[in-house]
Structure formats: C-alpha cells, structure tokens
Amino acid sequence: MPTTFQIAVFNGDGIGPEVMAPAVDLLRILARGSADYDFEFEILPAGAAHFAKAGESLPQTSLDKARAADAILLSAMGLPEIRYPDGTEISPQIELRKELNLFAGVRPVRIASGALTPLALPTDERVDFVLVRESTEGLFHTQGCGHVGQDLAEETLRITRATSEKLFHFSFDLARQRKATGLGSGRVTCVDKANVFRAFAFFREIFDDIARAYPDITADHAYVDATALSMVQNPQNFDVLVTENMFGDILSDLGAGLMGGLGLAPSGDIGTDNAVFQPCHGSAPDIAGQGVANPMAMILSSAMMMDWLGNKHKITSLCDDAHRLQSAVDQVIANRNRLTPDLGGKTDTIGCFHAVKAAL
C-alpha cells in the first residue's frame, strides 16, 4: 500500500489559485504513477481576501489543520488594497512561519542549461547553490509591533542562540547532503554584517561553534554586501549560504533575478516538524483572472515538497519524481516555446502546465 500524505493547501490571493491548480494537478499525475506514495489535498481559507470577508487572515482552524498536515503548499498571499488597521500588509505566510517555528527559509538558486539568466555564463558553467534564510526573527522580529512616534521609528533586530543553532545545524546538514549527491562542494558560508553590528558578530560566533561539529564541511564567512556582488560575478563558487531574515529576503530576490525572474523562484520554509512550500513571487493582482500567470515557481515549490517528504520518510521514488518534475520545468524553459508573458513568451497558464506535463 502507498503512503498517503495529507497536504494542506492555501490557494492565496490574486493569481494564487491560478498557479496552485497546475501544481496540484501535476502532483496528482505523479502520484497516480507511483505504488509508493499518494496525496490527499485539503484547501484551507486564509489571506487578504479572506480577511476582507471574515475579519481574520489566518483562522485558527486553518492553522490547526496546517500544523497536523504532512506538508503545506501555499501560493501567493496579500493584496495591496487590503491591509491591517496599522497599514501593514496582510501576510499569513509570515504568521505560519512564526506559529510553526519554520526557522529555515530554503531558497534554491539553479541556473540550468538554456536558462533565462541575465548572466553571461560559459555553456559548461553550472550554478546550483542554496540560500538558507532564518525566517522567524532577525529584523522581522517586531513585524507589525515596532515603535513609531512623531519623530522616531524603531524596529528590533533579534538573534537568539536557540534558533541560530538550529539554523546552522540545518545548513551544515544540507551541505553534507548536497555533497553526498554531487550537487555541492560541501561548503557553508555565513553571510552577515559582523563588522558593524554586535548582533551579527554574535550570529557569527554561534556559526563557528556549530561548524566545529562538521569537520567534513568547509565553513567560511562573507559580508552581505560582498555576497551580493559575488552572486552576480561568481555565483558558481557558492554552495550553501546561511543568513539573517532581512538579508535573506533581499538576497533571495537577487537569486531569483539570476535565474530569470520571480516566476521561476521556488522556496520552502522548514522547521523541525512542519514545512511550507511556496513561490517567492507575490499575488500580482494586476494580472489576476487573465490566465497568464506563470505557474513554474509554484510547480518547482511542489517539487521541493516532494523531495523534502521523500528524504524525511525515506521514499526514494518521491525524491526521484521530484527531480523528474524539476527537469520537466528545465526542459520547457530551455525549449523557450511555451513560456508565459513574464518570461517573454505568449503562452497562458494552462498552456505552460500542459508543456510541463508533456515534458514529464
């Protein structure tokens, strides 16, 4: 009998439901071809549109069911015209990160053959690194609760030993796994601003303490500004980068740009027990309902979910099918004949889905 995984689905706002549907359909197709695993999906209410109707952005029942699920798929959330009374955006995805303690934000940066990168790379040059962003504290610690006075506004940068230790163990374990599978060189780089901020010097000290437990993995440091430069000039030199929340937020968008745009950028927010997988892009309300949204970042995020479940539950075929799905997206991008308008093509969302399905 196959192992059946319960997947909580947040369709989100704007183009969210439009890009979620192809991803779920592809997961169903892959599961039908497997004797080892299956999926059951439950759509849960949350988001800005739900807040406008019900007065809450993340209902407790949705949170409870998400917590109990084997994994969570989340599409884009938030609408610019719907905000909390203090003027901040409605972002249940951040609430989920904090409630479920999803401390490791995993942002892969892969430039495959034929990719739409703006970089001038040699044809045989491979770029494949992972940015691990701490996702529960850092400069996002006081999100929505910062002090604002008439002449002064303050937010608090928070770095804790407990969270940082888990983050660094995760990053070194990831580098070890990537090295074993031939994806990485076995190197973790701590990205900080330790030359200016005491909090980041503390962050770096914890990193160095954890690094001693991984003698088989190279550990080094880089300042965030120098890292941004190197991501453009020498991205092939990176393996695993680990950094604070705000720095990770910024660098992950730079990484998306290197791959060809946010429409190709997947992500996972992973904790000890739970994990959320979502595209890095926003809800794009200006194109919602037009059927032209790019589903590839959501599809790649669902492939990340499969790989995470496969590794966690030791189901090799799940990992294999995750790589098949990723390769199918790579093939469509390389062929460049079924791309959505954000990537310079003329194909609609459904056409892009069928192209990936055919490539499988």
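Helices (H or I, at least four residues) and strands (E, at least two) in these views are DSSP runs, numbered from the N terminus. This is a predicted model, in which local features need pLDDT of at least 70, side-chain atom pairs count only at pLDDT 80 or more, and totals for chains, interfaces and linings use all residues. Residues are numbered from 1 along each chain as its sequence is written, and side-chain values use heavy atoms, with hydrogens and water left out.

**View 1. Threonine 156 sits in a loop between strand E7 (153-154) and H5.** Is this residue buried or exposed, or something in between? With a relative accessible area of 41%, threonine 156 is partly exposed, because that label covers the range between buried (under 20% relative accessible area) and exposed (over 50%), using a 1.4 Å probe and protein chains only. Leaving aside residues up to four places away in sequence, threonine 156 touches Gly138, Leu139, His141 and Thr142; contact here means heavy atoms within 4.5 Å. Valine 224 is 68 residues from threonine 156 in sequence, and their C-alpha atoms are 19 Å apart in space.

**View 2. Lysine 193 lies in the loop that links strand E8 (187-192) and helix H6 (198-211).** Its relative accessibility is 16%, so lysine 193 counts as buried. Which residues does lysine 193 touch, not counting those up to four places away in sequence? Look for Phe200, Tyr223, Val224, Asp225 and Phe247.

**View 3. The largest pocket has a volume of about 1200 Å³.** Leu174, Gln177, Met304, Asp307 and Asn311 are the closest to its centre among the 45 residues that line the largest pocket. Elements that give two or more residues to this lining include strand E4 (104-111), strand E5 (127-134), helix H5 (161-180) and helix H9 (296-313). H10 gives the most to the lining, with nine residues. By class, the lining of the largest pocket has 25 nonpolar, 11 polar and nine charged residues. Ala, Val, Leu, Ile, Met, Phe, Trp, Tyr, Cys and Pro count as nonpolar, Asp, Glu, Lys and Arg as charged, and the others, Gly among them, as polar. A pocket is an open set of points on a 1 Å grid over the protein atoms alone, where a 1.4 Å probe fits, with protein on both sides within 12 Å along at least five of seven lines; lining residues have an atom within 4 Å of a point. Grid points are joined across faces, edges and corners, and a volume is the space filled by probe spheres set on the points.

**View 4. The second largest pocket has a volume of about 650 Å³.** Of the 31 residues that line the second largest pocket, Met77, Glu89, Gln93, Ile94 and Cys280 lie nearest its centre. Helix H4 (92-99), helix H8 (245-259) and strand E12 (275-279) each give two or more residues to this lining. The lining of the second largest pocket has 12 nonpolar, 13 polar and six charged residues.

**View 5. Helix H4 has several buried residues, including Gln93 and Ile94.** Pro92, Leu96 and Arg97 are also among the buried residues of H4.
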